[in-house]
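I opened this notebook to record what I looked up in the structure.

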Amino acid sequence: MISLDRLKTVPYEKIRSAGAVGFAFPVYGADMPLIVSRLLERMDPTAGGFRDKPAFVLTTAGYADAYGPFEAGKTMRKHGFRLVAYVNVRVSINISLPGGKAAFPSAAVMKRRLERGEKALDRLAGKLTEGKRHITNAGPNLLPGAMIRKATKKRQEEQYQALSVDSTRCIRCMSCVRDCPTESIIFKDGDFTFMPSCTACFRCYNFCPAFAVLINGRYAAPEGYERYQGPESLK
Ligand SMILES: Cc1cc2nc3c(=O)[nH]c(=O)nc-3n(C[C@H](O)[C@H](O)[C@H](O)COP(=O)(O)O)c2cc1C
Ligand code: SF4
Ligand code: SF4
């Protein structure tokens, strides 16, 4: 397994030698996160020595999967892969924005979702081992997905412009800089700069111990708006 965090070069050798390649990512705006689509854009199947390589896609979603196998299949084809399996697992939304209450599931609901997810993964592994296609989650109809993608893509690309740090609250622990999956936070001469390479994952916002990361100059007070820090953080 290769994490896309800080992946510098396309792992062509691994792709070439694998029987099938899997892509696992959270659905953002009924689409792949930018970190995944940007990697695919950099891939050249001809230079990489693969064409029609079998691929499976595993996605997670907070509410509902408006991405789905049709869109995944199209994207895979465009980049030299052939979709052989698609599975979506519902987990939790990961943002609580100032002014909007996030509906996090309870720990009990999350436990059920994860159990369901594990079973779905077992089924996926079984089918892949048998060499069978396994396309699930026909999903909601394609129109909402297309509309959501159109409405949110630009916002995700411009997310870095909305982020800033409240220097009065920041304790200079630098965990945001260290843990940003795309190395998009630069700290220089006492100032934080967010770069266009940001993938809009909200890790910096959700994990800042001082709640100092702002979105559009605002932050959600932790007393009223919890931060999602993975399934274990739910009560
Ligand atoms: C920018 C952004 C866009 C998102 N768009 C969607 C969406 O369109 N549909 C949805 O169900 N969840 C959406 N989510 C929620 C994530 O899909 C969800 O939190 C994620 O799957 C959690 O999985 P993880 O814990 O593996 O990151 C979005 C989250 C972010 C940060
Ligand atoms: S994680 Fe928060 S407190 Fe730590 S350096 Fe970043 S903004 Fe400051
Ligand atoms: S939202 Fe924050 S942690 Fe995530 S990529 Fe952008 S700058 Fe990095």
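The entries below cover conventions, cores, aromatic pairs, charges over rings and a ligand shell.

**Conventions.** I worked with a predicted model, in which local features need pLDDT of at least 70 and side-chain atom pairs count only at pLDDT 80 or more, while totals for chains, interfaces and linings use all residues. Residues are numbered from 1 along each chain as its sequence is written, chains are lettered from A and ligands numbered from 1 in the order in which they are written, and side-chain values use heavy atoms, with hydrogens and water left out.

**Cores.** I looked up nonpolar cores, that is, sets of buried Ala, Val, Leu, Ile, Met, Phe, Trp, Tyr and Cys residues joined through side-chain atoms within 4.5 Å; buried means under 20% relative accessible area, with a 1.4 Å probe and protein chains only. The largest has 23 residues, of which Phe 23, Leu 40, Met 43, Val 57, Met 76 and Phe 81 touch the most other members. Two or more residues each come from α1 (12–17), β1 (21–26), α2 (34–42), β2, α4 and β3; helices (H or I, at least four residues) and strands (E, at least two) are DSSP runs, numbered from the N terminus. The largest contribution is that of α2, with 4 residues. Apart from this core I noted another, of 20 residues, including Tyr 205 and Cys 208.

I then listed the contacts (heavy atoms within 4.5 Å) of Val 57. Leaving out residues up to four places away in sequence, Val 57 touches Phe 23, Phe 25, Ala 72, Met 76, Leu 83, Ala 85, Tyr 86 and Val 87.

**Aromatic pairs.** Rings of Phe, Tyr and Trp (its six-membered ring) pair if their centres lie within 6.5 Å; planes under 30 degrees apart count as stacked, over 60 as edge-to-face and the rest as tilted. I found 8 aromatic pairs by this rule. The Tyr 67 and Tyr 86 pair is tilted, because the ring centres are 6.4 Å apart and the planes stand at 50 degrees. Tyr 67 lies in the loop between β2 (53–61) and α4 (68–78) and Tyr 86 in strand β3 (residues 81–90), so the pair ties together parts 19 residues apart in sequence. Both tyrosines, Tyr 67 and Tyr 86, are buried. Phe 202 and Tyr 205 form an edge-to-face pair, because their centres are 6.3 Å apart and their planes at 85 degrees.

**Charge over ring.** I counted NZ of Lys or CZ of Arg within 6 Å of the ring centre and within 35 degrees of the ring normal. Arg 169 lies over the face of Tyr 219, 3.8 Å from the ring centre.

**Ligand 3.** Near means a heavy atom within 4 Å. Of 13 residues around ligand 3, Cys 180, Cys 198, Cys 201, Phe 202 and Cys 204 come nearest.

Terms used: Buried < 20%, exposed > 50% of the residue type's maximum accessible area, 1.4 Å probe, protein only.
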